[in-house]
Amino acid sequence: MNNSYNNDINDLVAIENYRMMIELSEEIFHDFKNILATISGLAQLSMIKTQSEELKGYLSRINEATCDFRDTLNKYYSYTLGDTEKKQEPHVLYTIVDEALEMIKYRLHEPCGFGRELNLNLKIRSNAKVFCNKYDLKQCFLNILMNAIDSMEEKGGILTVDVYNNETNDFIIVDIMDTGTGIPEELMDKLFKARFTTKKNGTGLGLNIAKNCVENHGGKLKISSKLNEGTTVQISLPIYSDGYSIQ
Ligand SMILES: Nc1ncnc2c1ncn2[C@@H]1O[C@H](COP(=O)(O)OP(=O)(O)OP(=O)(O)O)[C@@H](O)[C@H]1O
Ligand SMILES: [Mg+2]
């Protein structure tokens, strides 16, 4: 009797905590959206005022990043309301890869921290479509591209992105290769565990999210690496054709 009374009280406290958390999230979402609107508005205004094409490019990326942040907030807000449905549509995959690359281009082409160069070698050899949630896949490519660039931060190097179809034309493949630090053999089976990180400020969620995302789209994500030589992440996704995914 006493036990069941305590359980009821605990349940009520949990429900009340949950309700307060939702309310707090709503306020935070609202405040973030206002802040984002200010950043985006000022970036757009500065784009009109500046004569410099280079600056216009940077400002446009700030604007896009705020849009992505707003989308992220909306996504999590929907989750708190119990909406877990994800919108999926056919998209030409390389355009999503391209958009992700646009977001990280500020870390390329210019001398990196130690005065060495980071260069991009982009090969688009397929314009196949994939039935997907564009937002999730873009985040997935971003996570992998960020890792590749992080690994070359000190020495510089070459980031190669190759998009092509497999031999049987039923899967589209994206290889993301870096010439960075590589990954020690003993860490290879820990990479996809949530919160595994070797970085000072890493959350260790990037690869975990990326792998889940690819698998949720019926694809596969593989990593191969050689210490001090570099890493290749290979993503393969089923090609969408005439209303169905070939699998
Ligand atoms: N391209 C790569 N080159 C070298 N090491 C890598 C590469 N990609 C991943 N790693 C290793 O895998 C670990 C996990 O990567 P993951 O993206 O999941 O998390 P993270 O980059 O540490 O943090 P974040 O959540 O901010 O992305 C990294 O800390 C790093 O040790
Ligand atoms: Mg990462």
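Predicted model: local features only at pLDDT ≥ 70, side-chain atom pairs only at ≥ 80, totals over all residues.
Reader: Where does N169 lie, and what is its phi?

Author: N169 is placed in the loop between strand 4 and strand 5. Its phi is near 55°, a positive value in a residue other than glycine. N169 is exposed, since 12 other C-beta atoms lie within 10 Å. Strand 4 and strand 5 form a hairpin, with five residues between them, and N169 is in the turn.

Reader: In which sense do strand 4 and strand 5 run, and how many bridges join them?

Author: Strands of a sheet pair through backbone hydrogen bonds, either parallel or antiparallel. Strand 4 and strand 5 run antiparallel and are joined by six bridges.

Reader: How do strand 2 and strand 4 pair?

Author: Strand 2 and strand 4 (residues 157-165) pair in the parallel sense, over seven bridges. N119 has I158 of strand 4 as its bridge partner, and L120 has L159 of strand 4.

Reader: What is the strand order of the open sheet, and which strands are its edges?

Author: The open sheet has five strands in the order 2-4-5-7-6, with mixed pairing. Its edge strands are strand 2 (118-124) and strand 6 (220-226), each of which pairs on one side only. From one strand to the next, the twist averages 10°.

Reader: Is C140 buried or exposed?

Author: C140 is in helix 4, and it is buried because 28 other C-beta atoms lie within 10 Å. Leaving aside neighbours within four places in sequence, C140 is in contact with I209, A210, C213 and V214. The C-alpha atoms of C140 and N208 are separated by 9.5 Å, although these residues are 68 residues apart along the chain.

Reader: Which residues come nearest to ligand 1, and which elements contribute to the shell around it?

Author: There are 21 residues around ligand 1, and those that come nearest are N147, S151, T197, G202 and G206. Two elements give two or more residues to the shell: helix 4 (134-151) and helix 5 (206-216). Helix 4 supplies the largest share, four residues. By class, the shell has six nonpolar, 13 polar and two charged residues.

Reader: Into which domains is the protein chain divided, and how far apart are their centres?

Author: The protein chain is divided into domain 1 (2-80) and domain 2 (89-245). Taken over C-alpha atoms, the two centres are separated by 26 Å. Four residues from domain 1 and four residues from domain 2 make the contact. On the side of domain 1 that touches domain 2, one residue is nonpolar, none is polar and three are charged.

Reader: How many helices and strands are there, and what share of the residues is buried?

Author: The secondary structure of the protein chain comes to five helices and nine strands. Of its 247 residues, 23% count as buried. Among contacts with a separation of 6 or more, 71% link residues 24 or more positions apart. The C-alpha atoms fill a box of roughly 65 × 50 × 45 Å along the principal axes.

Conventions. Residues numbered from 1 in each chain as written. Chains lettered and ligands numbered in written order. Domains from an automatic or database assignment. Contact = placed C-beta atoms within 7 Å. Nonpolar A, V, L, I, M, F, W, Y, C, P; charged D, E, K, R; others polar. Near = placed C-beta within 6 Å. Pairing = 2+ DSSP bridges. Axes fitted to C-alpha atoms, helices over the stretch in contact; angles between N-to-C directions. Buried ≥ 20, exposed ≤ 12 C-beta atoms within 10 Å, placed from the backbone.
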